[in-house]
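Subject: Structure for you to look at

Hello,

Here is the structure I said I would pass on. Please open it first, then read the notes below next to it.

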Amino acid sequence: MRVVSGIQPTGSLHLGNYLGAIRNWVRMQDGLADGEQCLFFLADLHAISMPHDPAGLRAATLEMTAALVACGIDPARSVLFNQAQVPAHAELQWLLNGTARMGWLNRMTQFKDKSGKNREGASVALYTYPVLQAADVLLYQATHVPVGDDQKQHLELARDIAQKFNNDFCAEDAPVFTLPDPIIPSEAARIMSLRDGTAKMSKSDPSDMSRINLADDPDEMAKKIKKAKTDPEPLPSEVAGLDGRPEALNLVSIYAALEGSTPDAVLARFGGQGFGVFKPAMAELVVETLGPIQRRFVELKADREALDAILARGAARAREIGVPTLKAAYDALGL
Ligand code: ADP
Ligand code: NA
């Protein structure tokens, strides 16, 4: 088993990233057997597919590294690195560009969403970044890739590219690439905005009140929960009673995810109570869970040299694992 996953170092880590992705990464890392491996990377090469500020990107890469370590990613056990320090990602992408088909990329819904009405003004990188994502995982012979719902289509593309490459250029008994399987988290798959229960909690939401950031101090966390959009009704005693109340459902789901229970278990305790009771309890739970992570994050972030060293060591290990596959791909193509 080899697990590979990445996160873009844009903006700061929020509760949705933590519950929907990073907490699961930590669990996978902690559950590994001998000979199994987790590779987690900062997708800094992906960040240039959208308008960006170079100094900000470098700072965000280090900050996201600190955030991941604070959440429990252990650089001694997992390979933690940034793409830009492993040139094999970009090299393999070019090799895979020969195999990926225009028609396959044309079907990617993320490009349509992210380019919006300005298709002609979008960067070429935004169009081809699913091929870079394929390179990100195929380079390491990933067997399992934890992905959010929105990225499932890109992992299918990676499998299609791997399969076509193996078919077109490799002997049947000597494929270059492993076809990776997705791991899609079921619980807490989608944490919603605190301002709008129908929008995903996201770094790119212009309103900072919409999300709880790892970098927020406890008072800010509590304030955001206090101001979270809700309705005047008391909580029902079962989750079916939250139909048509997305904001209330979101808060109850966050509470359940944080304590490792279910929305029904939370409502069995809070049913009949209003948000005047529920929100302070929720704020306490959020601060109790994220507080220690936040303190580690602040400490780690202040030690730039240590973060540089973590990324340098991770990149060296990533190159060791990835370069043989890159060589095999060159070879298969007659290069
Ligand atoms: P964002 O949307 O905030 O920019 P990313 O797209 O960088 O986040 O996603 C990083 C990881 O966090 C992905 O695995 C993604 O599925 C997960 N994730 C992002 N937002 C949420 C959310 N609101 N709820 C659950 N998981 C999320
Ligand atoms: Na995003």
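This is a predicted model: local features need pLDDT of at least 70, side-chain atom pairs count only at pLDDT 80 or more; totals for chains, interfaces and linings use all residues.

Domains

How many residues of domain 1 are in contact with domain 2? There are 13 of them, and they meet 11 residues of domain 2. On the side of domain 1 that touches domain 2, α1 (15-30) and α3 (54-71) supply at least two residues each. Sorted by class, that side of domain 1 has nine nonpolar, three polar and one charged residues.

The chain as a whole

The protein chain has 13 helices and five strands. Its C-alpha trace spans about 70 × 45 × 40 Å along the principal axes. A compact globule of 335 residues would have a radius of gyration near 20 Å, and the protein chain, at 21 Å, agrees with that. Of the 335 residues, 39% are buried. If you take the contacts between residues at least 6 apart in sequence, 77% of them join residues at least 24 apart.

A helix pair

Helix α9 (residues 218-227) packs against helix α12 (residues 275-301) at an angle of about 145 degrees, and the two axes are 9 Å apart. The crossing of α9 with α12 is right-handed. On the α9 side, the contact is made by Pro218, Met221, Ala222, Ile225 and Lys226. On the α12 side, Lys279, Met282, Ala283, Val286, Val287, Leu290 and Gly291 take part. By class, this contact of α9 with α12 has nine nonpolar, one polar and two charged residues.

Start with Thr65, which sits in helix α3. Is Thr65 buried or exposed? Thr65 has 26 C-beta neighbours inside 10 Å, so it counts as buried; the cut-off for buried is 20 or more. Leaving out residues up to four places away in sequence, Thr65 touches Leu42, Leu80, Leu307, Ile310 and Leu311. Thr65 and Leu132 are 67 residues apart in sequence, and their C-alpha atoms are 21 Å apart in space.

Next is Thr99, in the loop between α4 (88-97) and α5 (102-106). Thr99 is buried because 22 other C-beta atoms lie within 10 Å. Which residues is Thr99 in contact with, leaving aside its neighbours within four places in sequence? They are Ile161, Lys164, Phe165 and Asp168. The C-alpha atoms of Thr99 and Ala162 are separated by 8.7 Å, although the two residues are 63 residues apart along the chain.

The last one is Gln141, in the loop between α7 (124-138) and β4 (144-146). Gln141 has 18 other C-beta atoms within 10 Å, so it is partly exposed. Its phi is near 55 degrees, which is a positive value in a residue other than glycine.

Regards

Methods
Residues are numbered from 1 along each chain as its sequence is written. Chains are lettered from A and ligands numbered from 1 in the order in which they are written. Axes are lines fitted to C-alpha atoms, for helices over the stretch in contact, and angles run from 0 to 180 degrees between N-to-C directions. Helices (H or I, at least four residues) and strands (E, at least two) are DSSP runs, numbered from the N terminus. A crossing is left-handed if the near helix is turned anticlockwise from the far one by less than a right angle, and right-handed if clockwise. Two residues are in contact if their C-beta atoms, placed from the backbone, lie within 7 Å. Ala, Val, Leu, Ile, Met, Phe, Trp, Tyr, Cys and Pro count as nonpolar, Asp, Glu, Lys and Arg as charged, and the others, Gly among them, as polar. The radius of gyration is taken over C-alpha atoms; the globule rule is 2.2 Å times the number of residues to the power 0.38. A residue is buried if 20 or more other C-beta atoms lie within 10 Å of its own, exposed if 12 or fewer, and partly exposed in between; C-beta atoms are placed from the backbone.
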